[in-house]
Amino acid sequence: MTHLPDIVLYPHPALSKAAMPRPVDDEMRSVGAALLDVARSVNAHGLAAAHIGRNEPLVVVSFGPLETRDYRLLFNPEIVAIDGENSPGAEGSVSLPGIEVDIARPTGVRLRYDNGDGESTELALTGFASRVAQHEIDQMKGIFFLDKLSRLKRDAALRRYGKRARLGNLSGQGG
């Protein structure tokens with residue numbers, strides 16, 4: 001069995017480092033395969049390479065219904081258009097297990113990304129898949145989801161996390 005990369009925990013430096021777009025190559029595809037394996041193993045809705053400590057411009061996003069996962073690797077993803085009103089929704093991260101907070105995001109986006117062969121593709125997403133893509137693209141840019149909160153709300157979430165960690169209750173998923 002292949003060893004999966006470890007998921008880094010907040011405030012690991014990889015979570016605040018922006019990945020710069022670059023041509024898709026074998027190294028990036030290798031990191032993408034590892035990221036996809038980790039996403040499947042923890043049943044995440046999405047992951048950015050930063051979650052496994054890698055500074056690569058790629059994310060995994062689940063496009064399927066919440067009960068299942070239809071993962072796709074997006075290399076060099078970028079949001080090229082926003083559609084719809086901002087709507088609050090619960091977000092969390094595998095790098096801060098057990099903590100969810102409401103984040104307001106647009107209900108739809110149009111993405112441009114490269115596939116594994118380096119070919120550019122555009123895709124429109126709405127609803128939960130749009131939220132997941134925005135969350136992971138932010139993470140790829142070094143923006144952890146807590147960065148979207150006021151200092152008061154961020155500090156409260158970190159206190160809850162600290163309390164859960166002290167009690168040994170860090171189960172949960174997000175990402």
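Helices (H or I, at least four residues) and strands (E, at least two) are DSSP runs, numbered from the N terminus. The model is predicted, so local features need pLDDT of at least 70 and side-chain atom pairs count only at pLDDT 80 or more, while totals for chains, interfaces and linings use all residues. Residues are numbered from 1 along each chain as its sequence is written, and side-chain values use heavy atoms, with hydrogens and water left out.

Of the 14 residues of α2, 12 are buried, and the helix is mostly covered. Buried means under 20% relative accessible area, exposed means over 50%, and partly exposed lies in between (1.4 Å probe, protein chains only). The buried set is A129, S130, R131, V132, A133, Q134, H135, E136, I137, D138, Q139 and M140. The end C-alpha atoms of α2 are 20 Å apart, which agrees with the 20 Å that its 14 residues should span at 1.5 Å a residue; the expected span is 1.5 Å times one less than the number of residues. After α2 comes G142, with a positive phi near 85°.

G64 and A129 are 65 residues apart in sequence, and their C-alpha atoms are 7.8 Å apart in space. G64 counts as partly exposed because its relative accessibility is 22%.

The sheet is open and has five strands in the order β1-β2-β3-β4-β5, with antiparallel pairing. Two strands pair if DSSP finds at least two bridges between them. β1 (46-48) and β5 (120-126) are the edge strands, each pairing on one side only. From one strand to the next the twist averages 45°, where axes are lines fitted to C-alpha atoms, for helices over the stretch in contact, and angles run from 0 to 180 degrees between N-to-C directions.

Along the sheet, β1 and β2 (residues 58-62) pair in the antiparallel sense over three bridges; the bridge partner of G46 in β2 is V61. β3 (residues 71-93) and β4 pair in the antiparallel sense over 14 bridges, and a hairpin of two residues joins β3 to β4. S93 has L96 of β4 as its bridge partner. Between β4 and β5 there are seven bridges, again in an antiparallel pairing, with G108 opposite T126 in β5. These two strands form a hairpin with five residues between them, and G118 in the turn has a positive phi of about 85°.

The 17 residues of α3 should span 24 Å at 1.5 Å a residue, and the end C-alpha atoms are 24 Å apart, which agrees.

Rings of Phe, Tyr and Trp (its six-membered ring) pair if their centres lie within 6.5 Å; planes under 30 degrees apart count as stacked, over 60 as edge-to-face and the rest as tilted. The count by this rule is two aromatic pairs. Y10 and F144 form a stacked pair, 4.7 Å centre to centre with 20° between the planes. Y10 is partly exposed at 22% relative accessibility, whereas F144 is buried at 2%. Ring pairs link Y10, F144 and F145 into a cluster.

Some backbone geometry remains. Most residues other than glycine have a negative phi, and most peptide bonds are trans. Y10 and P11 are joined by a cis peptide bond with omega of about 10°, and P11 lies in the segment before α1. N43, in the loop between α1 and β1, has a positive phi of about 55° although it is not a glycine; N43 is partly exposed, with a relative accessible area of 37%. N76, in strand β3, also has a positive phi, near 55°, and counts as buried at 11% relative accessibility.
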